[in-house]
Number of protein chains: 2
Amino acid sequence: MTAPSLDERIAALDAADPLAPFRERFALPDGVIYLDGNSLGALPRQTAARVNAVMAEEWGTGLIRSWNSADWIGAPRRVGGKIARLIGAKSHEVVVADSTSVNLFKLIVAALQAQPARRVVLSEPGNFPTDLYMVESALRTLGGDRRLQLAPREQLLAQITDDTALVLLTHVHYKTAERYDMAEITAAAHAKGALVLWDLSHSVGAVPLELNAARADFAVGCGYKFLNGGPGAPAFLYVAERHHDRVQSPLGGWMGHARPFAFVDQYEVGAGIDRFLCGTPPVLAVAALESGVDLHLEVPMAQVEAKSRALAALFMELVAVRCHGFGVELVGPAAGAPRGSHVSFRHPEGYAVMQALIARGVIGDFRAPDIMRFGLTPLYLRFADIAAAVDVLAEILRTEAWRAPEYQVRQAVT
Amino acid sequence: MTAPSLDERIAALDAADPLAPFRERFALPDGVIYLDGNSLGALPRQTAARVNAVMAEEWGTGLIRSWNSADWIGAPRRVGGKIARLIGAKSHEVVVADSTSVNLFKLIVAALQAQPARRVVLSEPGNFPTDLYMVESALRTLGGDRRLQLAPREQLLAQITDDTALVLLTHVHYKTAERYDMAEITAAAHAKGALVLWDLSHSVGAVPLELNAARADFAVGCGYKFLNGGPGAPAFLYVAERHHDRVQSPLGGWMGHARPFAFVDQYEVGAGIDRFLCGTPPVLAVAALESGVDLHLEVPMAQVEAKSRALAALFMELVAVRCHGFGVELVGPAAGAPRGSHVSFRHPEGYAVMQALIARGVIGDFRAPDIMRFGLTPLYLRFADIAAAVDVLAEILRTEAWRAPEYQVRQAVT
């Protein structure tokens, strides 16, 4: 009896994949292998129908009445409650609102103001930039002698002191896919009296999350990556129930008011998570996000993670074999280690190589200075797609097709 | 020769209306007279097609490539530039972003930080609540001895002193439709060295605006009222070119960075109006807003204002005649005075009367404690609609139909 060929192995993996039927739930273009769902998730087929119904029936026919009759007013909490099921939180601990950046600002300021005697926000260099920028924004606005301290992840725990107000970390690193142990870091921070704010943008919908079990304090997350909520989808935020009465948003708009329709001059902080709402919710965008979340709620997260790990293992194995000697270097966790649902490789000409891949229908993305990043989305990728993508990559490297001048031209968004 | 009957007058008004063809551009439900376009504008027919194209072609097929190929990355400035034409601003002075509340926070903090020696934000009691709440938010976050001062509008100019950092006013009052003279107030503030932030939420698309001519410093505005951008549409903000280099947003997220795709750890403030962007733009929602703005750009604002005034004059005339003796009292400017594009009446049972109107297909809204508010949207209302609406109102008052128990029940959004 001979060992199965690679083609046979891949065919067997796809045949045994319990998530295979979900691919048909997405509108994917022909001729494309989409490995960028970690940056922008694909379009669920049901989303177009859902957004159309909101436009035609709720907006067009219901008009202003839909704030009540279609529960637009409850949408931030309703969709937040659904996301709570994906992240191991209670439904009243999560709300959909604003962008990830704005939500970071709310929670950074809230955490700092709740602990006025502590001065430091601790994060890591190379965290997703907007996380660090929003710390800068918060410190610039609050004034005083608070500061941002950056420590490499291997030194992070040692840097938490009784002056640390907040540890701000992205659970899965946007470039490397490294994954923090949320429970371990949170416990270490709590042991020093510090709070932790987790950015779940590259985790939610990609890996299992148990915020309550990890005793997480605060979190934010992105709606347009693995949740497939649409380009620029609204973000969400989580505040542990035990903090609800002791923190306040710096953006206390009318939707966070205890009685928004009393139209009184003075702000009265809303109950529970509602206080982290600010302006009028973006109804069309929330509907698209809800559709993506609904789709995710049909899938056991354990199956998602198992397939993600299998896709990553195959990708790494095939690159190691087929791209050997062409200067491609794995970045981030080795096979088998905890990781997020993307895989990255360094190459000195990573930008041009990625443009050559995209020109051939293999869509990943590039992150400066030299990272080629590939999103592995278990809901709509097949193992055969991974093999085909690595074939194209190997061919580009072997023929040096990336040297073509058109692949050197930088675009607005890279 | 006899005077024309009322019916003849109204028919003549509709026959002579140059904006009459625009009604067909909206998807309006049968059996409804919609007098709440000042709260949520109606659905332009072209918007459903536009949003569908963005979903199917740009998101579904283009996927991540659409940030460049469909210019998603430029959408906040592109749509901002179109709104600039409606408000008398330069295209690079306006950007679409976030909600009105969040944009208020950005500009209040920016204005205060640009004038550290001045401590007072001056506004009026009864301003739209979120305007005052965001001042409270800004002051709470900035700390120090700055304060909010409220002065009735007849005392407002006298209260501007050399301690006034910012005058924050809503150009058209959300309840009364009173309209400030933007040039006069701005000049008076400038004479004392103060800056002015105008909330245009109830003005944009409703009345002509000339921000540059009035030397306006800052402005925010709402996308979902007279611009018909969809429920919870993104808002916009305006910063006069002369301030671009001297103000900074307190919400400096990655989209406001000088080089967002360099992914560096330190924030570098973006050029010009870009610095007031924060997170990833909500592409679907911006597309719906752009569709509404495009429709408005087809219409001369002078025609919009002329019809708005004529609709208001007819409404007031008919209410005075037909509702006389039932306790209905006009609120806000008398006929002929400067006003916005809605008209409000006080009635002790205003809530129940409005519910009775809505039950009969005449949709206005209620604003506590006793205001019935009717939006007059020249793009999709006929003079005959006004007459029919007042007929229904008069009948409800004459028969006291509002006494029915079902009209007393308060809903989530009133």
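In which loop of chain B is the place of B:Pro369? In this predicted model, look for B:Pro369 in the loop that runs between β14 and β15 (371–375) of chain B. A cis peptide bond joins B:Ala368 and B:Pro369, with omega at about 5 degrees.

You will find A:Asp98 in the loop between β4 (94–96) and α5 (100–114) of chain A. As background, most residues other than glycine have a negative phi.

Now step back and view both chains. Two copies of a chain are related by a rotation about an axis and a shift along it. Here, turning by 180 degrees with 0.0 Å of shift along the axis superposes chain B on chain A, with an RMSD of 0.0 Å. That is the relation of a two-fold axis. If you want to find the axis in chain B, go to B:Leu142: its C-alpha is the nearest one in that chain, 2.6 Å from the axis.

How do the two chains meet? The contact takes 76 residues from chain B and 76 residues from chain A. On the side of chain B that touches chain A, the elements giving two or more residues are α2 (45–62), α3 (66–69), α5 (100–114), α6 (129–142), α8 (283–296) and β14 (365–367) of chain B. Which of them gives the most? That is α6(B), with 10 residues. Sorted by class, this side of chain B has 46 nonpolar, 23 polar and seven charged residues. Moreover, 100% of the interface residues of chain B are also interface residues in chain A, so the copies meet through the same surface.

Helices come next. Two packed helices are described by the angle between their axes and the distance between the axes. In chain B, helix α4 (residues 75–87) packs with α8(B) at an angle of about 25 degrees, and the axes are 10 Å apart. Angles under 35 degrees count as roughly parallel, and α4(B) and α8(B) are therefore roughly parallel to each other. The crossing in which α4(B) passes α8(B) is left-handed. From α4(B), the contact uses B:Ala75, B:Pro76, B:Val79, B:Lys82, B:Ile83 and B:Leu86, and from α8(B) it uses B:Val283, B:Val286, B:Leu289, B:Glu290, B:Val293 and B:His296. By class, these are nine nonpolar, one polar and two charged residues.

In chain A, pick out helix α2 (residues 45–62) and helix α8 (residues 283–297). They pack at an angle of about 145 degrees, with their axes 9 Å apart, and α2(A) passes α8(A) in a right-handed crossing. Among the residues making this contact are A:Val51 and A:Val54 of α2(A) and A:Ala287 and A:Ala288 of α8(A). The contact divides into eight nonpolar, four polar and one charged residue.

Finally, let us trace the sheets. Four strands of chain A form an open sheet in the order β11-β12-β15-β14, with antiparallel pairing. Its edge strands are β11 (329–331) and β14 (365–367) of chain A, each of which pairs on one side only. From one strand to the next, the twist averages 35 degrees. β14(A) and β15 (residues 371–375) of chain A pair over three bridges in the antiparallel sense, and A:Asp365 has A:Arg373 of β15(A) as its bridge partner. Helix α9 (residues 301–322) of chain A lies across β11, β12 (342–346) and β15 of chain A, at about 20 degrees to β12(A).

In chain B, seven strands form an open sheet in the order β4-β10-β9-β8-β7-β5-β6, and here the pairing is mixed. The edges are β4 (94–96) and β6 (147–150) of chain B. Within this sheet, β8 (residues 195–199) and β9 (residues 218–221) of chain B run parallel and are joined by three bridges; B:Leu197 has B:Phe218 of β9(B) as its bridge partner. Helix α7 (residues 182–191) of chain B lies across β7 (164–170) and β8 of chain B, running at about 150 degrees to β8(B).

Key:
Residues are numbered from 1 along each chain as its sequence is written. Chains are lettered from A and ligands numbered from 1 in the order in which they are written. This is a predicted model: local features need pLDDT of at least 70, side-chain atom pairs count only at pLDDT 80 or more; totals for chains, interfaces and linings use all residues. Copies are superposed by least squares on the C-alpha atoms of residues with pLDDT of at least 70 in both. Two residues are in contact if their C-beta atoms, placed from the backbone, lie within 7 Å. Ala, Val, Leu, Ile, Met, Phe, Trp, Tyr, Cys and Pro count as nonpolar, Asp, Glu, Lys and Arg as charged, and the others, Gly among them, as polar. Axes are lines fitted to C-alpha atoms, for helices over the stretch in contact, and angles run from 0 to 180 degrees between N-to-C directions. Angles under 35 degrees count as roughly parallel, over 145 as roughly antiparallel, 65 to 115 as roughly perpendicular and the rest as oblique. A crossing is left-handed if the near helix is turned anticlockwise from the far one by less than a right angle, and right-handed if clockwise. Two strands pair if DSSP finds at least two bridges between them.
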